[in-house]
Amino acid sequence: MDYLLLKWIHILSSTILFGTGIGSAFYMFMANRRKDIAGIYFATRHVVIADWIFTTPSVIVQLATGLWMLHLSGYSLSDAWVRWGLILYFLAGVCWVPVVWMQIKMRDMAKRALADNSDLPALYWKMDKWWIMLGCVAFPAIIVVFFLMVFKP
């Protein structure tokens, strides 16, 4: 495959990954702050869908195209910027996997509370705190990955 086409796919998938991530996080965060169960259910339901449709494929495409471009360009996995980029990419992934699980559980709790006309359980708000904390680790990690990929220091 032509390097520039591969690079375009890589940039496009990074845009989808970043845009979906920040957009989903914003809407779920804002819905949780309002504490409106119908709004929370709407947001969590669609965030889970967005993760399966956009985020998961982008995560896979990012790694595959990044490693392929690395191979084609002659850079090495031993280059410091590559190593740090991969470490931070996987750190963000380690944060994202439990976030996906929590989002599914939070969606289910919101659906149940809405159906029962009850409050969200305390566990929902505990997961919300963990969801925020993990996002606060993953987001800067991805920002640094963007820096490393562009500047290759």
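**Close-up views of the predicted model**

**View 1. Accessibility of phenylalanine 90 and tyrosine 89.** Phenylalanine 90, at 46% relative accessibility, counts as partly exposed. Tyrosine 89 is buried, with a value of 15%. Buried denotes under 20% relative accessible area, exposed over 50%, and partly exposed the range in between, for a 1.4 Å probe and protein chains only. The model is predicted: local features require pLDDT of at least 70, side-chain atom pairs count only at pLDDT 80 or more, and totals for chains, interfaces and linings use all residues. Residues are numbered from 1 along each chain as its sequence is written, and side-chain values use heavy atoms, with hydrogens and water left out.

**View 2. Aromatic pairs.** Rings of Phe, Tyr and Trp (its six-membered ring) pair if their centres lie within 6.5 Å; planes under 30 degrees apart are stacked, those over 60 edge-to-face and the rest tilted. The count is 7 aromatic pairs. One of them joins tyrosine 75 and tryptophan 81 edge-to-face, at 5.1 Å centre to centre and 90 degrees between the planes. Tyrosine 75 is partly exposed at 37%, whereas tryptophan 81 is buried at 9%. Tyrosine 89 and phenylalanine 90 also form an edge-to-face pair, because their ring centres are 5.7 Å apart and their planes stand at 85 degrees. Elsewhere, Phe18, Phe139 and Phe146 are linked into a cluster by ring pairs.

**View 3. Charges over aromatic rings.** A charge sits over a ring if NZ of Lys or CZ of Arg is within 6 Å of the ring centre and within 35 degrees of the ring normal. Arginine 33 places its charged end over the ring of phenylalanine 29, 4.4 Å from the centre. Lysine 35 lies over the face of tryptophan 125, at 5.0 Å from the ring centre.

**View 4. The largest nonpolar core.** Such a core is a set of buried Ala, Val, Leu, Ile, Met, Phe, Trp, Tyr and Cys residues joined through side-chain atoms within 4.5 Å. Among its 29 residues, Ile40, Met102, Met106, Leu120 and Tyr124 touch the most other members. Helices α1 (3-34), α2 (37-73), α3 and α4 (122-151) each supply at least two residues, and α3 gives the most, with 11. Neighbours within four places in sequence aside, isoleucine 40 is in contact (heavy atoms within 4.5 Å) with Ala31, Asn32, Lys35, Ala110, Leu120, Tyr124 and Trp125.

**View 5. Helix α3 and the residue just after it.** Helices (H or I, at least four residues) and strands (E, at least two) are DSSP runs numbered from the N terminus. Helix α3 comprises 37 residues, 80-116. From first C-alpha to last, α3 reaches 54 Å, close to the 54 Å expected at 1.5 Å a residue; the expected span is 1.5 Å times one less than the number of residues.
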